[in-house]
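Me: I have a new structure on my screen and would like to learn how to read it. Where do we begin?

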Amino acid sequence: MFEPRSWTLPLFLLLLTACVEPAGDRVDAAVIEARLAELEARFTPGLHTLMGEVGERHATLWFAGNAENWPLADYQLHELEELIEDIEALHPVYDEIPVAQLLGETLAPALGALAAAVDTGEHDGFVVAFDQLTQGCNSCHIASDREAIRLVRPTSPPVTNL
């Protein structure tokens, strides 16, 4: 899961001490906090970036499960789940849209069904659950007034060397 504060805070503080001119012997805490907030905003991926990765994971998951490569499908599913957690944490509300709430409501059942199908290696169950996930994504887009963004089963893998 992407946790920007786990590694960026020490890096930002190091950068700040190098970039901020101290007033006398000490640095103003308000200046550090303001700079930290600015840098954190710059290094937080936007919702559009994260959703682009969701699309890639969605497609790679399809090809892995359809080929019955269950270890790869399991990996992609867990990466997709972590990515969704990142979106919920980093962009819980976007443009007055309750993204975190919608993601939980529309995707949780399908993700559970996918996990069960991948764990048992059941192809037919995987296909049904994958289609439920796709419909969940589309339901979220409709609820977010983004119905122009419509996912379908992919027809070609996003990466051709995997």
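Reply: We begin with a cut-off. A residue counts as buried under 20% relative accessible area and exposed over 50%, with partly exposed in between. Keep in mind that this is a predicted model.

Me: Is Asp95 buried or exposed, and why?
Reply: Asp95 has a relative accessible area of 58%, so it is exposed. It lies in the loop between α4 and α5. Its backbone deserves a look too. Asp95 is not a glycine, yet its phi is positive, at about 55°.

Me: Now the whole chain. How many helices and strands does it have?
Reply: Six helices and zero strands. Reading from the N terminus, the order is α-α-α-α-α-α.

Me: What share of the residues is buried?
Reply: The chain has 162 residues, and 35% of them count as buried.

Me: How do contacts relate to distance along the sequence?
Reply: Take the contacts between residues at least 6 apart in sequence. Of these, 64% join residues at least 24 apart. Here is one pair to find on screen. Glu81 and Ala108 are 27 residues apart in sequence, and their C-alpha atoms are 9.4 Å apart in space. Glu81 belongs to helix α4. At 23% relative accessibility, Glu81 counts as partly exposed.

Me: What should I look for inside a protein?
Reply: The general idea first. In soluble globular proteins, nonpolar side chains tend to be buried together. In this model, the largest nonpolar core has 31 residues. Leu61, Leu114, Phe126 and Leu133 have the most contacts inside it.

Me: Which helices supply at least two residues of this core?
Reply: α3 (47–66), α4 (70–90), α5 (99–120) and α6 (123–143) each do. The largest share comes from α5, with nine residues.

Me: What is Leu61 in contact with, leaving aside neighbours within four places in sequence?
Reply: Its partners are Ala73, Gln76, Leu77, Leu80, Leu114, Phe126, Phe130 and Leu133. Leu114 and Phe126 were also on the list of residues with the most contacts inside the core.

Me: How do I describe two helices that pack together?
Reply: Packed helices are described by the angle between their axes and the distance between the axes. Angles over 145 degrees count as roughly antiparallel.

Me: What are the values for α3 and α4?
Reply: Their axes come within 9 Å and cross at roughly 160°. That makes α3 roughly antiparallel to α4. This crossing is left-handed. Residues of α3 that meet α4 include Leu50, Val54, Arg57 and Leu61. Among those they meet in α4 are Ala73, Gln76, Leu80 and Leu83.

Me: And how do α4 and α5 cross, at what angle and with which handedness?
Reply: The axes of α4 and α5 come within 11 Å and cross at roughly 165°. α4 is therefore roughly antiparallel to α5. The crossing of α4 and α5 is left-handed. From α4, the residues that take part include Leu77, Glu81 and Ile84. From α5, they include Leu107, Leu111 and Leu114.

Me: Which residue should I revisit to tie this together?
Reply: Pick Leu61. It is one of the core residues with the most contacts. Leu61 takes part in the contact of α3 with α6. Leu61 is also among the α3 residues that meet α4.

Methods
Residues are numbered from 1 along each chain as its sequence is written. This is a predicted model: local features need pLDDT of at least 70, side-chain atom pairs count only at pLDDT 80 or more; totals for chains, interfaces and linings use all residues. Side-chain values use heavy atoms; hydrogens and water are left out. A nonpolar core is a set of buried Ala, Val, Leu, Ile, Met, Phe, Trp, Tyr and Cys residues joined through side-chain atoms within 4.5 Å. Buried means under 20% relative accessible area, exposed over 50%, partly exposed in between (1.4 Å probe, protein chains only). Helices (H or I, at least four residues) and strands (E, at least two) are DSSP runs, numbered from the N terminus. Contact means heavy atoms within 4.5 Å. Axes are lines fitted to C-alpha atoms, for helices over the stretch in contact, and angles run from 0 to 180 degrees between N-to-C directions. Angles under 35 degrees count as roughly parallel, over 145 as roughly antiparallel, 65 to 115 as roughly perpendicular and the rest as oblique. A crossing is left-handed if the near helix is turned anticlockwise from the far one by less than a right angle, and right-handed if clockwise.
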